[in-house]
Amino acid sequence: QVQLVESGGGLVQPGGSLRLSCAASGRIRSINTMRWYRQAPGKQRELVASITSGGGTNYADSVKGRFTASRDNAKNTVYLQMNSLKPEDTAVYYCNADISREYTFAINSYWGQGTQVTVSS
């Protein structure tokens, strides 16, 4: 069984910073692209950032210059450094990853349980 577990969410004031982590565990052969999504109340889930196994990144326009995705392949972990946070960044943040399990080349998409980020004074 493969699991993704996020951590690092919380309450922060506008202009503050948070660092989210997402660790994959289980019988994993390889991890391809890892992504961060977010979903605010009453809104659709949106893609915030993605990072390939080689470290290539893409960001939503709304977070460019403020958020940075990184990963530690040895630890099967992806991070999201969030700076200059705004109230509109308030959402549940979800980790998603394309993972191939041991003894198979099939790639499946896995999701974490989500972590709440609240930006408020």
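# Notebook: strands, sheet and side-chain contacts

For burial I used relative accessible area, with buried under 20%, exposed over 50% and partly exposed in between (1.4 Å probe, protein chains only). Strands here are DSSP runs of E with at least two residues, numbered from the N terminus.

The model is predicted, so I note that local features need pLDDT of at least 70 and side-chain atom pairs count only at pLDDT 80 or more, while totals for chains, interfaces and linings use all residues. Residues are numbered from 1 along each chain as its sequence is written, and side-chain values use heavy atoms, with hydrogens and water left out.

**Partners of strand 11**

I looked up which strands pair with strand 11; two strands pair if DSSP finds at least two bridges between them. Strand 2 (residues 10-12) runs parallel to strand 11 and is joined to it by 3 bridges. Val-12 has Val-119 as its bridge partner there. Strand 9 (residues 91-101) is also joined to strand 11 by 3 bridges, but these two run antiparallel. For Ala-91 the bridge partner in strand 11 is Val-117.

**The sheet 1-3-8-7**

Next I traced an open sheet of 4 strands, in the order 1-3-8-7 with antiparallel pairing. Strand 1 and strand 7 (67-72) stand at the edges with a single partner strand each, so one side of each has no neighbour in the sheet. On average, neighbouring strands of this sheet are turned by 15° against each other, direction ignored; the axes behind this angle are lines fitted to C-alpha atoms.

I then went through the pairings. Strand 1 (residues 3-7) and strand 3 (residues 18-25) run antiparallel and are joined by 5 bridges. Ser-7 stands opposite Ser-21 in strand 3. Strand 1 has a covered face with Leu-4 and Glu-6, and an uncovered one with Gln-3, Val-5 and Ser-7. The bridge partner of Ser-70 in strand 8 is Tyr-79.

**Thr-77**

I picked Thr-77 in strand 8 (residues 77-82). Thr-77 counts as buried because its relative accessible area is 8%. I took contact as heavy atoms within 4.5 Å. Not counting residues up to four places away in sequence, Thr-77 touches Cys-22, Ala-23, Ser-70, Arg-71 and Asp-72. Ala-23 is 54 residues from Thr-77 in sequence, yet their C-alpha atoms are 4.3 Å apart. A polar atom of the Thr-77 side chain lies 2.9 Å from the backbone oxygen of Lys-75.

Arg-66 is in the loop between strand 6 (57-59) and strand 7, and is buried at 10% relative accessibility. Its side chain makes a polar contact of 2.7 Å with the side chain of Asp-89. Beyond four places in sequence, Arg-66 touches several residues, including Gln-81, Met-82, Leu-85 and Asp-89.

Arg-35 is in strand 4 and is buried at 17% relative accessible area. The side chains of Arg-35 and Asp-98 are joined by a polar contact of 2.8 Å. Among the residues in contact with Arg-35, leaving aside neighbours within four places in sequence, are Leu-47, Tyr-94 and Cys-95.

**Rings**

I searched the whole structure for aromatic pairs and found 1. The ring centres of Tyr-37 and Trp-111 are 4.9 Å apart and the planes are at 50°, so the pair is tilted. Rings of Phe, Tyr and Trp (its six-membered ring) pair if their centres lie within 6.5 Å; planes under 30 degrees apart are stacked, over 60 edge-to-face and the rest tilted. Tyr-37 is in strand 4 (residues 28-39) and Trp-111 in strand 10 (residues 107-111), so the pair ties together parts 74 residues apart in sequence. Tyr-37 is buried at 19% relative accessible area, whereas Trp-111 is partly exposed at 38%.

Last, I checked for charges over rings, meaning NZ of Lys or CZ of Arg within 6 Å of the ring centre and within 35 degrees of the ring normal. Arg-19 lies over the face of Tyr-79, at 4.0 Å from the ring centre. Arg-45 lies over the face of Tyr-94, at 3.8 Å.

How values were computed
A polar contact is a pair of N or O atoms within 3.5 Å; within protein, one must be able to donate a hydrogen and the other to accept it, and residues adjacent in sequence count only if both atoms are side-chain atoms. Axes are lines fitted to C-alpha atoms, for helices over the stretch in contact, and angles run from 0 to 180 degrees between N-to-C directions.
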